[in-house]
Amino acid sequence: MMGEEPATREPELSDAGSDEELELPARIEEGSHNGSIRKGCDPCSQTQRSKLQHRRARINQQINKEMRMRAGAENLFRATTNNKVKENVALELSFVNSNLQLLKEELEELNSNMEVYQTESEAINVPMIPLGLKETKEVDLTVPLKDVICEHYGEDSSLFEKEIKEFMELRQAMRTPSRNEAGLELLVEYYNQLYYLDQRFFPPHRTLGVHFHWYDSLTGVPSCQRALAFEKGSVLFNMGALYTQIGARQDRSATAGIDRAIDAFQRAAGAFNYLKENFSNAPSLDMSGPSLCMLVRLMIAQVQECVFERVTLTTQDTHFITQLQVAKEAARVSNVYSLVLQTMSQTLVKDYVPFSWASMVQVKAEHFRALSHYNAAVALCDHAQSIEEEEGDEEAEKALLQFHVSTPAGPPLSQVLRDPEDRRKLGKAHLRCAVIRHEEAMRVHGLCKILRKMDILQEVLSFMYKRSLDKYSEMDREDDFDETAEAPEIHSQTQHKPDITPPNFSTVPVTDIFQRLGPLSVFCARARWGPVRVVCLQRGEGGLGLTLRGDSPVLVAGVVPGGCAQEAGLREGDYIVAVDGEDFKWAKHGEVVHSLKSCSDRGVQLSVITLHTHDTQVDRRPVMLSPSGDEENARLRTMGGAKGQSTAPLLNWNRKKNRGGGRATKRLGSTFSLPFGNLRDTKQGEEEEDHRKGGGGCFV
């Protein structure tokens with residue numbers, strides 16, 4: 001599959017940085033288009049996270065090498081007819097497969113390392129599950145971009161070396177984003193620039209021959225495609241992964257840290273959900289539909305866990321109804337994690353998800369179920385006096401009636417509220433369930449070698465188990481010979497339903513690095529125009545004899561029959577790109593009119609082009625499928641509709657009628673595409689809108 005390229009050793013990388021990691025600015029010369037300083041982490045900084053990523057990078061390279069060897073051996077095995085050679089090749093394949101299995105197990109252990117991404121706070125919290133970033137190889141776009149600039153745009157490609165270098169440095173910085181808001185902005189900026197790159201250099205039915213290599217986030221299996229959308233989708237995946245790391249590092253001992261963690265995990269869920277809704281036939285397992293569905297549900301579960309932590313942290317009163325609500329919140333967390341565990345048990349995901357992830361999810365499902373029963377027992381037994389003192393005795397009874405999934409055996413609940421002994425028995429039943437659930441959580445925890453190494457998790461589970469056991473022993477009486485009843489399950493309910501926050505690409509406005517090529521409304525990869533014509537105009541008695549309209553570039557809307565413009569060779573529909581040798585692609589209507597009216601007696605020299613075709617078969621408009629799309633996305637949909645383009649919302653990764661993929665597409669895996677987010681700055685968008693509207697004609 002990957003055998004056509006030699007294996008090369010990539011430099012060791014750090015996927016993101018901790019607070020101590022250095023940030024290195026990607027060198028951008030003065031006078032760059034947006035003046036920003038793109039920063040990535042120092043790949044050589046020896047933090048725990050960078051060391052972990054260095055090992056992951058080495059294993060990815062070794063897996064890549066072994067897969068190439070296996071592909072070559074399999075080809076030889078199929079091609080040869082010599083039995084002796086076949087025996088040797090079969091033996092070699094067994095060694096290669098064994099090495100691959102060992103490497104994948106080692107990589108799984110690295111990917112299961114959660115402690116590196118956790119907060120350094122001394123507060124004791126259950127660890128969260130973060131996701132490592134996808135890694136990529138270096139890509140040299142210099143020659144392909146220069147070829148397009150020379151052949152398609154007719155420009156001197158050497159004049160655009162600065163822009164090409166700036167884009168390449170931006171991509172290099174994107175490979176090592178810092179684990180903070182600056183790292184996220186770096187990814188969004190590169191993602192936005194990919195829109196312009198696609199519009200400028202990637203025609204609908206042709207590729208540049210550039211291969212984008214990305215490694216699977218969990219397995220390290222490499223994927224290679226020539227579709228720019230693969231690059232775009234991988235960057236979106238890394239946005240979500242970086243949000244998971246930011247959420248995991250928050251100090252959840254205070255409400256501010258909990259709120260930041262909730263926001264990060266909701267945005268991670270939004271990024272993964274955006275990929276899930278806009279992709280099909282993913283080339284790597286981490287970006288497949290089932291895997292993304294699992295990641296979305298995992299992020300929602302971690303949001304729900306943070307909500308429970310905030311409820312317990314902010315709940316000051318210990319009234320009966322309040323404690324029941326806390327128990328319902330814990331039951332809600334347990335239910336959501338149980339749903340995640342079901343998703344992880346599906347056929348397409350079961351063998352892919354690390355065992356430590358599935359174990360952690362199961363531990364949390366049991367742990368929070370135990371906390372739910374414990375809080376129910378506390379409400380029934382420790383708040384007997386508050387039940388009698390509360391004015392709303394009917395309200396307490398109603399809350400208890402709605403608390404259980406099924407009515408518990410024994411006396412009516414109205415009697416249970418008034419009888420301390422009945423309350424004690426029901427509370428003891430809940431405590432018994434809490435102890436059993438805690439024991440199950442500790443049993444599952446003990447089966448996973450990686451979880452056993454997590455001291456914080458061990459400490460939390462042991463503390464909660466001991467607390468429930470002590471409470472049960474306190475309530476157990478020597479003269480209590482009745483068998484403890486089975487407590488019914490608790491209704492799950494939450495006061496804060498998690499949101500899936502879709503990515504908002506307009507948060508980082510960018511300017512097209514290659515804007516000197518001209519406005520995208522005309523100068524794009526899907527447009528075709530004739531060679532530049534130089535027209536010399538001299539003012540006659542009736543003027544120059546032409547009508548101008550629009551902005552950037554200005555359009556020749558009409559020429560007077562027999563006038564100076566027509567005699568000089570100017571035609572209706574020409575675009576003015578230069579006046580007297582000065583670039584006028586981005587010139588406003590008034591600037592061009594002023595230059596023509598102020599021309600000397602020697603006349604004026606115009607450089608014009610004629611637009612022949614404008615391929616609109618492939619719709620590359622931003623299409624937001626999330627139901628909670630923002631105002632910017634709505635504006636972009638409106639702008640896209642103004643062009644009169646197709647309203648087809650999506651392009652599949654694997655298109656049977658794809659003309660550009662050819663043999664390489666079949667060999668390297670199915671290609672894919674996705675819609676783009678907010679990727680044009682306000683200034684250029686307004687200019688293109690003015691140009692489409694016409695802006696009124698002006699006779700010169």
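The accessible surface of this chain comes to about 31000 Å², and 49% of that belongs to carbon and sulfur atoms; areas are Shrake-Rupley with a 1.4 Å probe, and for residues only the protein chains shown count as cover.

Some housekeeping. This is a predicted model, where local features need pLDDT of at least 70 and side-chain atom pairs count only at pLDDT 80 or more, while totals for chains, interfaces and linings use all residues. Residues are numbered from 1 along each chain as its sequence is written, and side-chain values use heavy atoms, leaving out hydrogens and water.

Of the 700 residues in the chain, 55% are buried, meaning under 20% relative accessible area, with exposed meaning over 50% and partly exposed in between (1.4 Å probe, protein chains only). The chain has 22 helices and 12 strands, taken as DSSP runs: H or I of at least four residues for helices, E of at least two for strands, numbered from the N terminus.

Now helix α3, residues 142-151. Which of its residues are buried? Pro-144, Leu-145, Val-148 and Ile-149. Seen down the α3 axis, they fall within an arc of 135 degrees, so they line one face of the helix; the arc is taken over directions from the helix axis to the C-beta atoms. On the other side of α3, Val-143 and Glu-151 are exposed. The cover over the buried residues includes α4 (161-174) and α5 (181-201), with contact meaning heavy atoms within 4.5 Å.

Last, contacts along the chain. Among those between residues at least 6 apart in sequence, 80% join residues at least 24 apart.
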